[in-house]
Amino acid sequence: MVKIGTYNTLKVVKNVDFGAYLADEDGTEILLPARYIGKLLHKDEKIEVFVYKDNDGRLICTTEHPYAQVGEFAFLQVTDVNRAGAFLDWGLMKELLVPFSEQTIKLSRGMVIPVYVYLDNASQRVVASAKLDKFLGNVYPDLLTGDKVRALVYKHTDNGYKAIVNNLYHGIFYENELYSPLVIGEEVTAYVNRVRDDGKIDLLLHGADDGRIDTLAGKITSRLQASTEHFLPLCDSSTPEVIRAEFGCSKKDFKKALGSLYKAGIINLLPGGICLK
């Protein structure tokens with residue numbers, strides 16, 4: 001059975017002047033227009049195509065790749081707004097509709113917004129929604145601390161950056177655990193720090209065993225050795241901004257490195273800074 005809004009592997013049934021007809025195992029025939037055919041297709045040959053509905057509601061397929069398929073989140077640009085809603089560029093000739101009922105703010109041409117791509121049950125057309133929350137966190141994460149995930153950064157808040165984890169879950173990167181600001185719309189590799197009781201996920205940009213604390217401790221020690229009085233005016237009460245500017249790390253990691261050096265008997269912790277023993 002053909003799955004609309006996703007990639008399907010279909011078999012060539014016949015070639016025609018305006019393209020080729022492909023079919024699934026049930027025999028449903030779908031046109032692949034000639035403009036998407038780069039070489040001669042042979043009968044019974046199998047090819048992967050993306051299936052959607054054209055403006056007349058007919059099934060059609062393409063060898064082009066949309067920026068997102070059904071079940072995925074993506075940042076897409078608004079190309080037009082009319083009585084039906086807003087239309088987005090999603091990499092295909094036919095633009096993607098965001099109905100007014102699925103908008104959270106008034107959209108206008110040129111805006112780039114995060115959306116969820118889904119199949120409308122009534123029309124069987126692929127559409128998009130800007131109401132992200134209703135598509136996130138509907139199942140409890142089957143993830144453990146340290147698991148590697150993909151995270152799409154979509155909003156900056158007072159605490160940090162909200163992210164969409166594996167196209168399914170709510171996630172957050174806390175500001176005080178970041179080495180540098182994140183970019184809205186960027187998809188990054190992240191690691192699970194904690195899965196909260198409400199199903200939301202605390203994220204880190206680094207794994208638990210990547211040696212960064214030892215590396216940072218080495219940098220701090222080198223800076224202390226190079227200073228005239230073996231002293232640095234930095235301590236665990238310094239602001240995240242100052243620490244980031246000096247060592248390119250989060251305040252949390254800086255405090256861990258100081259703790260490691262103190263326990264090893266390498267530094268003394270003073271009210272206004274740190275010094276070598």
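I began at glycine 248, which comes just after helix H2 and takes a positive phi of about 60°. I took helices (H or I, at least four residues) and strands (E, at least two) as DSSP runs, numbered from the N terminus.

The model is predicted, and I kept to its limits: local features need pLDDT of at least 70, side-chain atom pairs count only at pLDDT 80 or more, and totals for chains, interfaces and linings use all residues. Residues are numbered from 1 along each chain as its sequence is written, while side-chain values use heavy atoms, with hydrogens and water left out.

**Helix H2**

I looked up which residues of H2 (240–247) are buried, and found Ile243, Arg244 and Phe247; buried means under 20% relative accessible area, exposed over 50% and partly exposed in between, with a 1.4 Å probe and protein chains only. These three cover an arc of only 100° around the axis, which puts them on the same side of H2, the arc being that of the directions from the helix axis to the C-beta atoms. On the other side of H2 I noted Glu241 and Ala245 as exposed. The cover over the buried residues of H2 includes helix H1 (212–226), strand S16 (231–232) and helix H3 (251–263), with contact taken as heavy atoms within 4.5 Å.

I checked the length of H1: its 15 residues should span 21 Å at 1.5 Å a residue, and its end C-alpha atoms are 21 Å apart, which agrees. The expected span is 1.5 Å times one less than the number of residues. The buried residues of H1 are Arg212, Ile213, Leu216, Ala217, Ile220, Thr221 and Leu224, and what covers them includes S16, H2, H3, strand S17 (267–270) and strand S18 (273–276).

For H3, with 13 residues, I noted 18 Å from the first C-alpha to the last, close to the 18 Å expected. Lys251, Asp253, Phe254, Ala257, Leu258 and Leu261 are buried in H3. They cover an arc of only 160° around the axis, which puts them on the same side of H3. The buried residues of H3 pack against H1, H2, S17 and S18, and H3 is followed by glycine 265, whose phi is positive, near 75°.

**Nonpolar cores**

I then turned to nonpolar cores, each a set of buried Ala, Val, Leu, Ile, Met, Phe, Trp, Tyr and Cys residues joined through side-chain atoms within 4.5 Å. The largest has 34 residues, and those with the most contacts inside it are Leu22, Leu32, Val49, Leu88 and Leu96. Strand S4 (residues 46–53) gives the largest share of this core, five residues. Apart from it lies another core, of 17 residues, among them Val153, Tyr169, Ala190 and Val195.

On a 1 Å grid over the protein atoms alone, I took a cavity as a set of points where a 1.4 Å probe fits but cannot get out, and a pocket as an open set with protein on both sides within 12 Å along at least five of seven lines; lining residues have an atom within 4 Å of a point. Grid points are joined across faces, edges and corners, and a volume is the space filled by probe spheres set on the points.

The largest pocket holds about 290 Å³ of space and is lined by 14 residues, of which Thr104, Pro114, Ala130, Leu132 and Tyr154 lie nearest its centre. Strand S9 gives the largest share of this lining, three residues.

The search of the whole structure finds two cavities of 30 Å³ or more, and the largest cavity holds about 50 Å³. Among the residues lining the largest cavity I noted Trp90, Leu96 and Val126.
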